[in-house]
Structure formats: C-alpha cells, structure tokens
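Subject: Structure for your review

Dear colleague,

Please find below the structure that I am handing over to you. My findings follow it.

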Amino acid sequence: MPDTIPANMKPVHEKAECLYESYFRKGENPHQTHYCPGCGHGITLKLLAEAIDELGIRDRVIVVSPVGCSVFLYYYFDTGNVQVAHGRAPAAATGLKRSRPDAIVISYQGDGDLAAIGSAEILHAANRGEAITSIFVNNAIYGMTGGQMAPTTPLGNKTTTTPFGRAAHKDGYPIHISEVLSALDGPVYIERVALGNVKQILAAKRAIRKALENQVKGLGFSLVEVLSPCPTIWKMDPVEAQRHVREFMTTLYPLGVKCDRTAQAQPLPAPPPAPPLEEFPRLLRIPTEEAPVQRSGAMGEVDCRIKVAGFGGQGVLLLGQLIAEAGMDYGLEVSWLPSYGPEMRSGTSNCHVRLSTRAIDSPLVSKSHVLIALNEPSLRKFMPAVLPGGTVLYNGAEIPEDLRRNDVTVYALPFFEIADKEGAAKAGNIVALGALLEATRLLPAEVVDQAMARVIKSDKWLEIDRRALSRGMEAIRSMKTQPAKEPCHA
Amino acid sequence: MPRQLIKGNEALMKGAILGGCRAFYGYPITPANELTEAAAYYLPQVGGTFLQAESEVAAINMVFGAASAGIRAMTASSGPGISLMAEGISYLAGAELPCVIVNIMRGGPGLGNIAPEQSDYFQAVKGGGHGNYRCLVLAPATAQEMCDLARLAFELADRYRNPVMIVADGYTGQMMEPVDFYSTAAVDPPVPEWAVTGTAETRKNLITSIYLQPDELEAHVRKLAEKYRLAEQREARWENYRTEDADLVFVGYGIVSRVLKSVVEALREQGIRAGLLRPITLYPFPAAEIRRLAGQAAVFFTVEMSMGQMVEDVRLAVEGRRPVEFYGRCGGNVPSVEEIVQHVTQWIDGRAEQAVAEVMHHA
C-alpha cells in the first residue's frame, strides 16, 4: 500500500497477508495465478488465506500441496510449504503433524487425489482423528490431466475416459466422500460447502475457518468438501459453471454439516516431554554394568557348534538362548540363529548356537558338535550331521536302533518326565541344559545360573528352572560311566 | 562396555534411536517385524513417534512428512513392502529429504516366501523408484553392524540430504549376537535449517520435488548427480579378509560374507590362496578396491543369495581384466560352506583340464 493513504482511510478489503504479494516462485507472470478464469481453486485459496489471517496463525501453518491443479499452492501461500505425492497428502500431513504438534497442518486435495488414488490415506487419517485440516476441492473431474473421469463424476457425464457417459454398471457410482468419512468415529467436523454464489461462498468461508479453529484448539480431524466449478474442462463459461455448481452439483452432493463433534470433543493430550539423553540407555534397556562372571584365562581354544531341536512350545529357542547368553558371560563369542522359514509356522522348531574363542564367521550350524534333540523327528533329521566325537542329548528313554552311532556319545534321558517330577513339565528344556553342562563341561554352572537369572523374568520360574538345571546335571552324573569328554575344546 | 545378546533387528532399532531417530512409520511384514515392534516399544519412551500406517505407501509418505519437518525418521519392511514404498523413496530423493529405510530381505519375486534372500540388490542399488536418483545402501553382516550402521545411516542421510537404505537378510535380522554399544551417548540432532517446522523462521521454506521447466529440472538432477559422485568418492566402505596374497577373491555381503569366511579358511587348508572382499556399502560400491585387487588376483567369485545381481557391479569394477564367476542360491537357501568349496574346487579342476586340453590342441 502506498504510504500516502492516511491511517483513517485504510482499505477495508485487501489481499490476505498470508498470500504472497507477487508470485515469484511461479516465474513468468508473477502478478497472476495459474488458475483458469472462474476456477474454484482461486476462491478456495482466498477463503483459506483469510481464515489463516483472521486466526493469526500464519507463522504456524504448513500447507501440504497435492498433485493436480493445486500442486503449486506454494506459489501463493507465504507459509511453510510441503509438496507431496499424488493421494498421499494425508499421510505426509500425519508425519508433519506428529512431528510438530504445534504446527497448523493443512492438507489440500482435489477429487482424484483424495477420492481415488488417496482414498486409503484420507480414510485412515480421518479414522485416526489426525489433528489436521483437510480441504477437499470437488469439481467432479480430473482437471490437470485434461478431463478424465473422477470418482465424483456424475452418472452419464461424458469425459475423455467415459466417452459414452459414466455408466454405473461399468464405472461405479459417484462417491460421497463427506458422507463416507462421517460414518467414522474419528473426525470431529465434516461439512460440504459450494462456490455457487456469494451466499454459498460466505458459508464456505465460515466452514473453512471452523475447520482451522478446530485444529488450533487441538480437537482432531476436520474436513471441508468444496463443490467447485471447473469452467475449462466442463466447457462452460465461468458464469455457467457457477450456475452448474449451484443448480446441479448441490443436488448430487447435498450441502451441510455431515458431522460435528466439536462441542463434546476434548483437545488431544499434549505429548509428554522427551526424557534427557542420559536416560536413553536405561530406557533402551542397554546394560551398563559388566556381567560379573568372566572366563578364566586358562581355557584353551573353543569352537562349539550346537543344534537344539524339538517341537514348538518345548522351549527350544530359550534353551539355545541360555547357552548363548552364558557363553557371552563366559567371555566367548556367540551366535544364536532361530529356525527360519516355513518351520516357524508349523510344529517343529530349532536353533543354531555357536560358541567360540574367535570371531564367529558363519552362524549357521550345518554340522554340529552337540545335538540336543527334544523329539524323535529332530533326532532323525539332525543326527546324521553330528560330527564324529560329538555329543547327542535325546529326550527319550533310549535311542532308536536305526539311529545308533559308535562315533558319538549319546545320552538318552526323558528330560520332560524328569521335570514333571519337579512339578513343572515345561522345564524339560532346562533339565536338558543341565544335562548338557554335566555331559560336556562346556560352561560352568554358575555362569549359566547368572544367565538364567537375567533372562527368566519370573521369580517363580527362576526357582523351578534352577531345580530343573540341577536335576539334569544329577541325571547325567548318575548314569555316567566314563569321564566327560569335552568335544568342543580343541 | 558390557555386551548385550540381542537380535539384529532389535540392535538396529536401538542403534537408530541412539543415532537420533525420533519417528518410525511402518507396516507389518515378516521378517522385519521385530524392528517395527521395537520402534513401537522404545520410541514413545524417548519422546519419539511410532505409528503403524495403513500401508507401506502411507508409511513412507509419513516418513516424508516427518523428514520435511526436520525429524530423523525411518521405516522398515521387506521386499514386497519396499516395492510399495518405491514411489515415496523417489519423492524423498527428489525433495532431498534424509531418512532411513530398512529392508530385511525375503524371497521373491511376488509374494515369494519369508525365508532370507538377497534378491532386492537391484531394487536397492539401482533405483527401485522412477527418475534419476540413488539411495546410499549399507549392508550389515552382524548384529553389531546392524546397530553401528543404523547410526551411520542417519549421519549419511543428513550429510547428503538423501534416503539411506539398510539391506539385510532375514538371518541377519533374526539372529542374536552380543552387541557392544561402545558409546551409549544418544544423539540429539539439530533441526536442519531447510526444514518446514511451522515457525516464523522456517516459514519461507519449501519442500518439493517438482520442477516444471526442463532447464530447472535438469539443473536439479545434475545437482543430485554431483552429490552421488561425491558420495562415490568418499563413502565406499568394505572389509578385506585375507586378500593380501589371494589368488581367488570372493565377493559377498551380509550373511553370505560370513559363510565365505569359513570357505576361505577351508580352501586355504587345501592350499588355495583365497580371500574375501565384503562390500559394506553396496552403493557406493567399493569398485576402486575391486579394481585394485584385480591387479593381483587371478579370479573373482561372487556368491549371493540371488540368481546374480551384485555380480554385475563386480564385473563392471573388474573391467574384463579377470574372470568373474558366480555362485548363487535363492528361495531361502543359504549356500553352505561345503557346497561353495565343492563348487569352487570343481571350477578350478575344470580350468586345469581346459588348460591341458588347450596345450594338447596346440601341440
């Protein structure tokens, strides 16, 4: 404004402050918009800009531009701007709003963007009650790509992709987005407005302002559907197009408030403040103290490959994990690999454990020094791959005759029956662990005890498992006829 | 520092949070779920955001929004989900937004299976989405690296304002190994000055990937290309394992590289001087190091859990100066030490016979 206008003669109507004075981002013709004469986008943007000004939130606003004729909102809005992929504005707006809860995030989309390719994103953003403001400009046609059918195109309308008219049996029915979204519990406010005459435009202004106010109050998801003329693609002059909005569009898409829960809605709770960085290790459950038991220096080279196998539910993976945990406490390099693939989804379960004094190359155990087989199918499957001199612990009274080998040491013991006598049949896996310790002297019992105390969270179960570990060790001691071998100690 | 026995996927998430990650948007898929679950558990406790999106398409666009707001954001998925994210990754690269995308690779194409593969190499390294762009791609082989490379990934993403992908296979994600966090000092990354955060200072900022004028877009794409050229010069990472005197150099990454270390030992016991070049970055590819090794080694053997994808980059790096052989398994089969040793020794025997035949022919 020229400085010569006296203060008492300020204009009563001027361009909204949050619209740029000139559109330099646009390049050519920075004094005019890129919208066609009579297009509803220009009016809608003006209403939006005025509402932003009236609420005094310009510095907080982030406008999310869609794909389509309105892709260039950032030419006009002197606010934060993010331009996103076709249909994904509600998702990008979600990421923005959750990152910056104090920002006022406005997601702007046309009918192809919102009701076709982006239908999932708008449905779920609305259903989450995402605290954004969604402006949905419905002109019932694809404008930017040259007049193809939109989900909102009326039946019978000829478009470039419905050259014989939109037919319900072939192309489906026009989608009533405001009604569809209003059926959800998430939104606080949905209203359909139109740009058919001045009265309708003023009503549109009130709705847009209310949708923004809701966000300022932190109330949740609001959407305003704007029935909008598209004179160029409709092949009408601007006056005709406006009449078409007023006299036809509003009969297909009735105006009005579709849902309004603003009276009873509570502001969303503010996110709790972030804890100080020093707290992170504790919150991430990262141990800060060394485990007390360490390996004795006198130990020779170890490279032990262990396969644990059985039915799902027998505690196969936990048994393997305890060996690995204890091995780590003992100062060894360890790896634990669960059975991976279709077996996860059926009855069998197995894991590969390696303990080594050196860095572990392949964590896969195809040939094992130790096999713990908690059922017969696992014994059948993995027995042939036990290395000569290795140890087999089998959950059964005796090894099937056809699987017997002279070059491995086999202990057949009913681990789960032994555990059952302790009143906890489930602890059979820990009985087997005790048997492993006694049979191979692979790890000291106190290191395993420490690992159990860390991994097993329930005091009741820790006590049961400690007894089970002892029973397993005793069971081997009572049957042993020769000194324990140490198959893994080179 | 004490070590913690944890799964690779969980190690990655903890490393990411220590490295400044404050937002995770994801969609469930095996075998990447521990990542999503760890994010859901830990991020809200440290003042971050976790949201399960309605699809991978939405998830990557939520990452786009968070990255636009200057937050260190990530997502994780597996092959089929990464395919759905391809659109968003192209937009992130176009808009120069940093973020981390994890692919715990499974068998493909299509629904494939949930077993480990490395057949998303092309997708990760050559683009995956449309347009002239690259992702920086890291390939951890241990739970320790899952943690360490997650931290590095966020640093690289910010340094280049570009998406960084971490590709691991199902085994590396599911396996438990001791992880030493070395430093537990968590990073509180500053808000980048280009971010759109909803404040007066950032009001002028714009995030976009649209450049309507051909000259403008060409300038933008050339700027991206220059960035990738710099990354190629500075960011290639690899591990050499017994290559100093190697006649036969294996090239393999991820879980395969660990099997190959055992293969190297087994072959050396047979008197064959084998070594391993393990790419840690798949893009930038350690081409210069392979070129250097081509001056000394007689043959390269690329081993992958795919029908042959990285082998093309090895061949490009070797520039035809040495034979580059390939051995691959897929469908969830991890090649065993024994089968690789057998394959390689048979190849050597075949070469010997061929050499004899050639001599005989000339005689």
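A residue is called buried when its relative accessible area is under 20%, exposed when that area is over 50%, and partly exposed in between. By this cut-off B:R203 counts as buried, because its relative accessibility is 19%. Please note that the model is a predicted one.

Salt bridges

B:R203 takes part in a salt bridge with A:D59, in which the closest N and O atoms are 2.9 Å apart. The pair joins two chains, because A:D59 lies in the loop between α1 (40-55) and β1 (61-65) of chain A, whereas B:R203 lies in the loop between β8 (176-180) and β9 (206-207) of chain B. A:D59 is partly exposed, with a relative accessible area of 32%.

Two further salt bridges lie within chain B. In one, B:R72 pairs with B:D158, with 2.9 Å between the closest N and O atoms. B:R72 is buried at 13% relative accessibility, and B:D158 is partly exposed at 29%.

In the other, B:D313 pairs with B:K126, and the closest N and O atoms are 2.6 Å apart. Here the parts tied together are 187 residues apart in sequence, because B:D313 belongs to helix α11 (residues 310-318) of chain B and B:K126 to the loop between α5 (121-125) and β6 (136-138) of chain B. B:D313 is buried, at 7% relative accessibility, while B:K126 is partly exposed, at 39%.

In chain A, a network of salt bridges links A:K46, A:E50, A:E54, A:K205, A:R209 and A:E213. Over all chains, the count of salt bridges comes to 58.

Surroundings of A:D303

A:D303 is located in strand β8 (residues 303-311) of chain A and is partly exposed, with 26% relative accessibility. Its side chain makes a polar contact of 3.0 Å with the side chain of A:R354 and another of 3.5 Å with that of A:R305. A:D303 and A:S356 are 53 residues apart in sequence, yet their C-alpha atoms are 4.2 Å apart in space.

Helix packing in chain A

Helix α2 (residues 89-99) and helix α4 (residues 119-128) of chain A cross at roughly 35°, and their axes come within 8 Å. On the α2(A) side the contact is made by A:P90, A:A91, A:T94 and A:R98, and on the α4(A) side by A:E121, A:I122, A:A125 and A:R128. These residues comprise 4 nonpolar, 1 polar and 3 charged.

A sheet in chain B

Chain B contains an open sheet of 5 strands with mixed pairing, in the order β10-β12-β11-β14-β15. Its edge strands, β10 (238-241) and β15 (324-328) of chain B, each pair on one side only. From one strand to the next the twist averages 20°. Strand β11 (residues 248-251) and strand β14 (residues 299-304) of chain B run parallel and are joined by 4 bridges. Within β14(B), B:V299 stands opposite B:L248. Helix α10 (residues 287-294) of chain B packs on the sheet, where it touches β10, β11, β12 (274-279) and β14 of chain B. The direction of α10 makes about 25° with that of β10(B).

With kind regards

Key
Residues are numbered from 1 along each chain as its sequence is written. Chains are lettered from A and ligands numbered from 1 in the order in which they are written. This is a predicted model: local features need pLDDT of at least 70, side-chain atom pairs count only at pLDDT 80 or more; totals for chains, interfaces and linings use all residues. Side-chain values use heavy atoms; hydrogens and water are left out. Axes are lines fitted to C-alpha atoms, for helices over the stretch in contact, and angles run from 0 to 180 degrees between N-to-C directions. Contact means heavy atoms within 4.5 Å. Ala, Val, Leu, Ile, Met, Phe, Trp, Tyr, Cys and Pro count as nonpolar, Asp, Glu, Lys and Arg as charged, and the others, Gly among them, as polar. A salt bridge is a side-chain nitrogen of Lys or Arg within 4 Å of a carboxyl oxygen of Asp or Glu. Buried means under 20% relative accessible area, exposed over 50%, partly exposed in between (1.4 Å probe, protein chains only). A polar contact is a pair of N or O atoms within 3.5 Å; within protein, one must be able to donate a hydrogen and the other to accept it, and residues adjacent in sequence count only if both atoms are side-chain atoms. Two strands pair if DSSP finds at least two bridges between them.
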